[in-house]
Amino acid sequence: MNPNFLDFEQPIADLEAKIEELRYASSGQSVNIDDEIRKLREKLKIKTADIFRNLDSWQTTQLSRHPARPYTLDYISVICEEFHELAGDRAFADDGAIVGGLGRINGRQVMIIGHQKARDTKGKLKRNFGMPRPEGYRKALRLMKMAERFKLPLFTFIDTMGAYPGIGAEERGQSEAIARNLLEMAELKTPIICTVIGEGGSGGALAIGVGDRTLMLQYSTYSVITPEGCASILWKSGEKTKDAAEALGMTAPRLFELGLIDKVVREPLGGAHRNPHSMAIRLKAVLLNELDKLEAIPTPELLELRYRRLRGYGAYQE
């Protein structure tokens, strides 16, 4: 089993391995096996499309956590022709789990804030596995207020299993920091577009998730709790994780159907990690298109529409 592939992706891994074997075997030989490779590639494309067409909620959750999936800084490096990261909350410390700063996209100045994970051990420790502490949210708030002051639109990228649950974080006011962000973002006098690029978990995600538009990548998730956490609370068993994922309704198509998000951004065949650059270019186009719509709305009307939008979440309708 290839560790770089999820369990349901193993048929894809097997076909890719066969293609690589043929390519290696063909070098230095007179036998032309290009036709066989072409057939295998076509079979790989069909097999990949078939697998990803029928993903369940748990498989989508696994995909949203894929270690090769692009993170916030990966998107920024492609979307922005210029980016200057800003650090620190000006009170306690800098938090590597949240990154943010000033960016320029097609000549347009924006503020970008997002969760940041890492792929190696040293990076994971630096980024705290993508779980922000209070200082991370206070840094985000500082950058939000700066965006408002200089009339810069705000883009947020959500990708966390949740806020860090450690004692130190609670002692420094984790819940207050999250609640403060919810309040301030609801009243921020600048357009806000929030995008779930991976795993959107609990208040840790929502703390930078209040805005005028909420987008989700096709294989991302957004929920009040992780499936593992839900299963441990409701069933006291990790064996019910798949059931919890299904019950939470955490996938992008389901949340769009419920009216909790505004748009599902299609990913390349096989997921964003298969072609990160293509995914970033596609996301850039969607963000700029949504921003054009929001910037055409006067600020007082924008705030009123945002207020109605937030009040409408979960409202009972006959």
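Predicted model: local features only at pLDDT ≥ 70, side-chain atom pairs only at ≥ 80, totals over all residues.
Visitor: How many of the H6 residues are buried?

Guide: 13 of the 16, so H6 is largely enclosed by the rest of the structure.

Visitor: What follows H6?

Guide: Lys151, with a positive phi near 55 degrees.

Visitor: Switching to the core. Which residues of the largest nonpolar core touch the most other members?

Guide: Met111, Ile113, Met144, Leu154, Ile158, Met216 and Tyr222, out of 29 residues in that core. Elements that each supply at least two residues include strands E3 (108–115), E4 (154–160) and E5 (192–201). H6 gives the largest share, 7 residues.

Visitor: What is Met144 in contact with, leaving aside neighbours within four places in sequence?

Guide: Ile113, Leu154, Asn181, Met185, Leu188, Ala207 and Ile208. Apart from this core lies another, of 24 residues, among them Ile76, Leu217, Leu283 and Leu302.

Visitor: Now H10. Which residues there are buried?

Guide: In H10 (residues 227–234), Pro227, Gly229, Cys230 and Ala231 are buried.

Visitor: And what covers them?

Guide: The cover includes helix H3 (57–64) and helix H11 (241–248).

Visitor: Which residue just after H10 takes a positive phi?

Guide: Lys236, at about 55 degrees.

Key
Residues numbered from 1 in each chain as written. Heavy atoms only, no water. Buried < 20%, exposed > 50% of the residue type's maximum accessible area, 1.4 Å probe, protein only. Helix = DSSP H or I, 4+ residues; strand = E, 2+ residues; numbered from the N terminus. Contact = heavy atoms within 4.5 Å. Core = buried A, V, L, I, M, F, W, Y, C linked by side-chain atoms within 4.5 Å.
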